[in-house]
Amino acid sequence: MFFNKIGHRLLHSGIVIILALALATPALAAFTPATYAAARHVLGQANFTSHTAAVTQKGMTLPSGVAVDPITHKVFVADRQNNRVLRYASLYSLANGAAADAVFGQKTFTAHAAATTQHGMRSPYGVFVDKGGRLWVSDTLNHRILRFDHASTLASGANANGVLGQPNFTSSGAHITQKGLDGPLGLFVDGHGRLWVADSVNSRVLRYNGAASKANGANADGVLGQADFVTTALGTTQNLFSIPYGVTVDTGGRLWVADAFNNRVLRFDAAASKANGANADGVLGQANFTSNAVATTQNGMSSPYGVATDASGSLYVADFANNRILIYSAAAGLANGANANFVLGQTSFTSNTANVNGLSAKSLHAPFGLFYDPHAQVLFAADQGNRRVLMYGKPTP
């Protein structure tokens, strides 16, 4: 009898575990790439068929960046024309048109003035939340990067805790130095605490090791796209950029750079160990490192602005001027100029119409920043021209 009871309990427990695993299977919920797939949720608009600009708790004007706190799963959006960053509830509880629960860069949800202060912003483009819950903001026209510690718990209008690119919170000059920045856009913090910044006007990507512990105005530790910290050449070569916009680092330590004006994405393997000005190891969007033609094809691009990667090795590219998002499966192993596997926002690889077939959950208009959440396994896109942020896929448990 005793063993029968134990056996019954073990059998029951096994059934419960199997059911729990089945319910948590990513294939049932995670974003699965497919051409012209529909988004599941929208922020900034009440539904998928509106695109009104607003300076409110629910609205946006020009969203350019999106990120998720890996601890609280709260969503952050850079609303650049309103000079602010909005914070939303956990992505697991999001509803279409949800109201933000806090705002940074402004004291209220209806203010939008630009400022160069410890809490103000001037056209923020990029956002990222590191594994310590710190929010990093590329405050573009103040030529600086702001850091907000414990960002998911801060009140609206909170002060930043740190700044890079400027010696203090009240200076805003553009500089081509080891400490300076000129129009920073995309940014990313890898698992080792390195901050990567697309310093766009200086046509370079900077690396800050142990960024969270650096003093205000500290030096960068590495540079790609330039041979040193005091030159600013533009070019179409294996080691030069022409206005980089987006950056991301995959789980293998590869840096991906959206080299916007060269209409390509460059890949740098083992990026953290590369010497200053090192060559890229691969290119997508072009057949080689010396071409930069605009194209609306399966292997071409037109002003790629945002990049993101997932744990499976897929690369997502916001192909801004083609009004689409390209998806490359197992991107690190692809040959130069390889074809994309899927496209979002268009019905085919040769269409680039803004809001093709009408404004909907499937359409895009000038997509900008991208973020793939590795925990919930969903893709976020700042659909700038439609004044909204889209989430693709149902979050996994």
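Visitor: Which residue in the turn of the hairpin formed by β18 and β19 has a positive phi?
Guide: This is a predicted model, in which local features need pLDDT of at least 70, side-chain atom pairs count only at pLDDT 80 or more, and totals for chains, interfaces and linings use all residues. Residues are numbered from 1 along each chain as its sequence is written, and side-chain values use heavy atoms, with hydrogens and water left out. Five residues lie between β18 and β19 in this hairpin, where strands (E, at least two residues), like helices (H or I, at least four), are DSSP runs numbered from the N terminus. The turn residue with a positive phi, of about 95°, is G313.

Visitor: What is the bridge partner of P304 in β19?
Guide: Strand β18 is joined to strand β19 (residues 315-319) by five bridges, and the two run antiparallel; strands count as paired if DSSP finds at least two bridges between them. Within β19, the partner of P304 is D319.

Visitor: How many of the six residues of strand β18 are buried?
Guide: A residue is buried under 20% relative accessible area, exposed over 50% and partly exposed in between, with a 1.4 Å probe and protein chains only. Strand β18 covers residues 304-309 and is largely enclosed by the rest of the structure, because the number of its residues that are buried is six of the six.

Visitor: Which residue in β12 stands opposite V197?
Guide: Strand β11 (residues 195-199) pairs with strand β12 (residues 204-208) in the antiparallel sense, over five bridges. Across from V197, the residue in β12 is L206.

Visitor: How many salt bridges does the count come to?
Guide: A salt bridge is a side-chain nitrogen of Lys or Arg within 4 Å of a carboxyl oxygen of Asp or Glu. Among them, R84 and D79 have their closest N and O atoms 2.9 Å apart, and both residues are buried. A network of salt bridges also links K74, R87 and D101. By this rule the count is 15.

Visitor: What is the relative accessible area of D149?
Guide: D149 forms a salt bridge with R147, the closest N and O atoms being 2.8 Å apart. R147 is buried, with a relative accessible area of 10%. D149 is buried because its relative accessible area is 19%.

Visitor: What is the radius of gyration of the protein?
Guide: The protein has one helix and 24 strands. Its radius of gyration, taken over C-alpha atoms, is compared with a globule rule of 2.2 Å times the number of residues to the power 0.38. That rule gives 21 Å for 397 residues, so the protein is as compact as a globular protein of that length, its own radius being close to that value, at 21 Å.

Visitor: How much of the protein counts as buried?
Guide: The C-alpha atoms fill a box of roughly 80 × 45 × 45 Å along the principal axes. Of the 397 residues, the share that counts as buried is 57%.
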